Amino acid sequence: MSETKKLEADVVVVGTGPGGSTVARDLTLQGKKVIILERGADNKPTGRPTAAVKFTGGPGKGMMKAQPDGLTMIRCLTVGGSTMMYTATAFDPDVEKFKKYNVDLSPELLDEVKTELKVAPLPDESIGSAAKAIMKSAQDLGFDWQKLNKFVDPSKGKPLAKNFFFGCEEGGPKWQAREWALDAKNKGATLLTNTYVEEIIAEHKIATGVLAKGKNGEPIEVNANAVVISAGGVGSPVILQKTGIYEAGQSFFFDPFCMTFGYLDEPTDFLTEPPMVTGIHTDDGIMVTDMSMPWTMHANYAVGSKKYFNVFRTKRAVGIMTKISDDLEGSIGIRENITKRLTSDDHYKLEKGRAISRKILRNLGAKDILFGGYGAAHPGGTCGIGSIVDSNLETEFKNLFVADASVIPEQWGLPPVLTVICLGRRLSKLLAQRV
Ligand SMILES: Cc1cc2nc3c(=O)[nH]c(=O)nc-3n(C[C@H](O)[C@H](O)[C@H](O)COP(=O)(O)OP(=O)(O)OC[C@H]3O[C@@H](n4cnc5c(N)ncnc54)[C@H](O)[C@@H]3O)c2cc1C
C-alpha cells in the first residue's frame, strides 16, 4: 500500500463547480494558501458531443437514474462541474427566501458578481430565429415572455448551441466555472484532479482536513484551517454522511424538466442558436423557455419518443423546455444512489408547462408536436441552510462549510448558478477574515 501523501493549506476546497471555484479563486486572490480537490479530470471543452461523455463520465457516474421511476439526472464530474454543460442562463437569487434564514445576499454582492461576469440578456443579433419566433408567438398569446440574463459575453465570439451543451472553448463567449478554477491555479492554488474526497478529518467535532484518494487509489491527506465542501447536490451530502452527518441528503429537489418540439415549413436556426435565451417564470414554480440544441441531442429525444422520422426534421425544428420547482422528496444514499418519485403536484406542473409549450408552438404554425420524456439537472437542497448548515454555511462540525447548490434551503425550480456564486462569494469574504 502506498504511503499517504500529506499536504497543508489555509483552506481546502472540494469540487470545482461554481460553488468551489468561486471560494477557491476568491481566497487565492486574497493571498490564502488554497488546495482544490476535484474528482474529475480537466477535460477540455471542445464543443463536440464526445466532450459531454467525458464531462459526465457516462451512465452510473454523471448520468444517473433516480429510482424507482428511472428518471435520468445529469451532472458533470470534471473541472468546472456542471457549468461545462449548462445553458448559462442567469437568474437572480430569491433574496427574500434567503433572508428568512439570516442569509443576506445584498444587492451590492449581486451587482459585484453580475458586473464581473457581464451577466445580461443577449443582444438581438445573437438570438436565433427559433427563439425569436417562440417569443413572438408567446407574447401574441399574452404571456409576459422576456429575454433572460445569460453568463455570455458576445464580444468574445458568436454563442452557438454546441458551446452550451458540449463545453465552450477557452476564451469563448460562455462563462464556465473551469475558468475560475484554472485562474485560482494560475494565481498559486494547488489543483489536484482525479482526486476523490472520501471523508472529513475531525476531532471533537472540529474539522481539520480531508482524506482523499488519488488517480491510482493512493491516499491523500490535506490538513487545513477550514474545509469547504462544494461537491454538488449529490456529492456533498455523501461526504457529510461519511463524516457522521446522517441527516444530509434526506430530501432534495432536482428541478425536473421536459422538452416539447414542433416543426415548421421553413428552416430555423434550431441546430446552432444559443438555447434558453427567452422565457417566463410563473408564480406557481413553472419556467418555460426556448430550447434549441445540436443534432445529436434532438435525435435522442426523437428516438426516445419513437418518432424516428423527426430525426430528419431538425432543420425546421423549434423547441421549448418546461422546468419546474419540485417538492423536496427522496434521498441520496451513501453510494450516491438517488431515490426520488415525482409527486402529483410535480406531474401537474410539468403537464401544465407542456400545455403552455404546445399552445405557443401551435400558434406559430408548428406541426407534429413531439413531447420528450422527463429529465433533471439541478440537484440541490441536500445540505440546506437552517437544517444541515447555519447561516454562515457552517455545519455542526466547526470549520466545516458547504458552498454549492446543496445549501439552498427550499424547493427551487430556477437556474441556480448565480445564487451559488453569490453564496460562495459571501463565504469567501467570511473565511478571508477567519483563516
Ligand atoms: C445540461 C445542464 C444545463 C444547465 N443549465 C443551467 C443554466 O442555464 N443555468 C444555471 O444556473 N444552471 C444550470 N444548470 C445547473 C448548474 O450547472 C448546477 O446547478 C451547478 O453547476 C451546481 O453547482 P455546484 O457548485 O453545486 O456543483 P457542481 O457543478 O455539480 O460541481 C461539483 C463538483 O464537485 C466534484 N465532486 C463531486 N464529488 C466529489 C468528491 N467526493 N471529491 C472531489 N470532487 C467531487 C464534481 O466532479 C464537480 O466538479 C444546468 C445543468 C445541466 C447539467
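The legends below describe close-up views of a predicted model.

Figure 1. The chain holds 11 helices and 20 strands. Its radius of gyration is 21 Å, close to the 22 Å that the globule rule gives for 435 residues, so the chain is as compact as a globular protein of that length. Taken along the principal axes, the C-alpha atoms fill a box of roughly 65 × 45 × 45 Å, and 54% of the 435 residues count as buried. Among contacts between residues at least 6 apart in sequence, 76% join residues at least 24 apart. The division of the chain is into domain 1 (1-42 + 78-117 + 175-253 + 378-435) and domain 2 (122-149 + 159-171 + 255-327 + 337-376).

**Figure 2. The contact between domain 1 and domain 2.** The centres of the two domains, taken over C-alpha atoms, are separated by 31 Å. Domain 1 contributes 14 residues to the contact, and domain 2 contributes 19 residues. Sorted by class, the side of domain 1 that touches domain 2 consists of eight nonpolar and six polar residues, with no charged residues.

**Figure 3. The largest nonpolar core, with valine 12.** This core has 133 residues, and those with the most contacts inside it are Val12 and Val227. Helix α11 (residues 417-434) supplies the largest share of the core, namely eight residues. Because domain 1 and domain 2 both give residues to this core, it lies between them. Around valine 12, once its neighbours within four places in sequence are left aside, the contacts are Ile35, Leu37, Gly209, Val210, Val222, Ala224 and Val227.

**Figure 4. Strand β11 and the strands that pair with it.** Strand β10 (residues 196-203) pairs with β11 in the antiparallel sense over seven bridges, and within this pairing isoleucine 200 has valine 210 of β11 as its bridge partner. The two strands form a hairpin with two residues between them, and histidine 204 in the turn has a positive phi of about 50°. Strand β12 (residues 219-229) also runs antiparallel to β11, and five bridges join the two; here leucine 211 stands opposite glutamate 221 in β12. β11 and β12 likewise form a hairpin, with five residues between them, and glycine 217 in the turn has a positive phi of about 85°.

**Figure 5. The surroundings of alanine 212.** Alanine 212 is placed in strand β11 (residues 206-213). Is this residue buried or exposed? Alanine 212 counts as buried because 22 C-beta neighbours lie inside 10 Å, and the cut-off for a buried residue is 20 or more. Not counting residues up to four places away in sequence, alanine 212 touches Leu37, Thr195, Tyr196, Val197, Glu198 and Ile220. Threonine 89, by contrast, is 123 residues apart from alanine 212 in sequence and 33 Å apart in space, C-alpha to C-alpha.

**Figure 6. Helix α7 and the elements that cover it.** Helix α7 (residues 177-186) is mostly covered, with seven of its 10 residues buried. The buried residues are Ala177, Arg178, Glu179, Trp180, Ala181, Leu182 and Ala184. Among the elements that cover them are α1 (18-29), β2 (34-37) and β9 (190-192). Following α7 comes glycine 188, whose phi is positive, near 125°.

Figure 7. Lysine 118, in the loop between α4 (107-116) and β6 (120-121), has a phi near 55°, a positive value in a residue other than glycine. With 15 other C-beta atoms within 10 Å, lysine 118 is partly exposed, as partly exposed residues fall between the cut-offs of 12 or fewer for exposed and 20 or more for buried. Lysine 306, in the loop between α9 (295-304) and β16 (317-324), has a positive phi of about 60° although it is not a glycine. Lysine 306 is exposed, with 7 other C-beta atoms within 10 Å. Elsewhere in the chain, the peptide bond from glutamine 67 to proline 68 is cis, with omega near 10°, and proline 68 is placed in strand β3 (residues 63-68).

Technical notes:
Residues are numbered from 1 along each chain as its sequence is written. This is a predicted model: local features need pLDDT of at least 70, side-chain atom pairs count only at pLDDT 80 or more; totals for chains, interfaces and linings use all residues. Helices (H or I, at least four residues) and strands (E, at least two) are DSSP runs, numbered from the N terminus. Two residues are in contact if their C-beta atoms, placed from the backbone, lie within 7 Å. A nonpolar core is a set of buried Ala, Val, Leu, Ile, Met, Phe, Trp, Tyr and Cys residues joined through C-beta atoms within 7 Å. Domain bounds come from an automatic or database domain assignment. Two strands pair if DSSP finds at least two bridges between them. Ala, Val, Leu, Ile, Met, Phe, Trp, Tyr, Cys and Pro count as nonpolar, Asp, Glu, Lys and Arg as charged, and the others, Gly among them, as polar. The radius of gyration is taken over C-alpha atoms; the globule rule is 2.2 Å times the number of residues to the power 0.38.
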